[in-house]
Structures are given as structure tokens and as C-alpha cells.
Amino acid sequence: ARPHGRVVLDDGAHNAVARLGKSLLPAGIAEVEGAFDMGDIVSLATKQGLEFARGLAGYGAADLRRLKGLQSSDIEATLGYKYLDEVIHRDDLVLL
């Protein structure tokens, strides 16, 4: 499936997702590109622009722009609601 946007990860999050099999948390987001909604497929990329995974977004692009760099415990206070702790759960992610 074709992605609707791109989430750029910092080096620590890239390592956690690509090598350690972890879910993506808001703290690891460096940038959010494009317009997408919760449930859309998004591309995950390194800061150098290399796409390495795709997954189902747990939050839309506008929400992720507000959450980037924050801890999961800050989601509800920032947005006023909380669906998930993860931006993309590991079960909803595929490495390329």
C-alpha cells in the first residue's frame, strides 16, 4: 500500500524500531510530513531520508506534530484525549 505521509525518526527510535522490534513512541519522532489520519499507512524514515518501514498511524498528522518528542504519558494532557501509548504499534508495522 502507498503511504499517505512520512514520520522521520531520531536515531534512538530508528534503532528501537528497526533493530530491537519495538513500537514507535512519540518521543522518537523528529518530523511529521504530509497529511494523514489515524489508521492511514505512513512511511517511517531515518533523518537521512531512508525509508525503512511502513505502518498504521495511531494518530493523525496534526496530532503527531503536537506530540513529537513528548513522552507517552504526556499524550492526554497535550491532546485532551488518548487512544494509544504508541504512535505505531509493532504489530501494525512492517520493516522494508
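Buried means under 20% relative accessible area, exposed means over 50%, and partly exposed is in between (1.4 Å probe, protein chains only). Keep those cut-offs at hand for the whole tour.

This is a predicted model, in which local features need pLDDT of at least 70, side-chain atom pairs count only at pLDDT 80 or more, and totals for chains, interfaces and linings use all residues. Residues are numbered from 1 along each chain as its sequence is written, and side-chain values use heavy atoms, with hydrogens and water left out.

**Stop 1: Lys-82 and Asp-85**

Select Lys-82. Its relative accessibility is 36%, so Lys-82 counts as partly exposed. A salt bridge here is a side-chain nitrogen of Lys or Arg within 4 Å of a carboxyl oxygen of Asp or Glu. Asp-85 is partly exposed too, because its relative accessible area is 36%.

**Stop 2: Glu-86**

Move to Glu-86. Where does Glu-86 lie? Look in the loop between helix H3 (75–79) and strand S5 (93–95). Helices (H or I, at least four residues) and strands (E, at least two) are DSSP runs, numbered from the N terminus.

Glu-86 is buried, yet has no salt bridge. The nearest side chain of opposite charge is Lys-82, 8.5 Å away. For charge, Lys and Arg count as positive and Asp and Glu as negative, while His and the chain ends are not counted.

Which residues does Glu-86 touch, not counting residues up to four places away in sequence? Select Ser-23, Leu-24, Leu-25 and Tyr-59. Contact means heavy atoms within 4.5 Å.

**Stop 3: the tyrosines**

Rings of Phe, Tyr and Trp (its six-membered ring) pair if their centres lie within 6.5 Å; planes under 30 degrees apart count as stacked, over 60 as edge-to-face and the rest as tilted. The count comes to 2 aromatic pairs. One of them is Tyr-81 with Tyr-83, a tilted pair with 5.0 Å centre to centre and 50 degrees between the planes. Tyr-81 has 28% relative accessibility, so Tyr-81 counts as partly exposed.

**Stop 4**

Select residues 41–45. This is strand S3, and it is mostly covered: 4 of its 5 residues are buried. Two strands pair if DSSP finds at least two bridges between them.

Show S1 next. S1 and S3 pair in the parallel sense over 3 bridges. Arg-6 has Ser-43 as its bridge partner in S3.

Then show strand S4, residues 51–56. S3 and S4 pair in the antiparallel sense over 5 bridges. Ser-43 has Arg-54 as its bridge partner in S4. The hairpin of S3 and S4 has 5 residues between the strands, and Gly-49 takes a positive phi near 95 degrees there.

**Stop 5**

How many salt bridges does a search of the whole structure find? It finds 4.

Select Arg-6 and Glu-33. Their side chains meet in a salt bridge, 2.8 Å from N to O. The pair links distant parts of the chain: Glu-33 is in strand S2 (residues 29–34) and Arg-6 is in strand S1 (residues 5–9), 27 residues apart.

Finish at Arg-54 and Glu-51. They form a salt bridge, with the closest N and O atoms 2.6 Å apart. Arg-54 counts as partly exposed because its relative accessibility is 25%.
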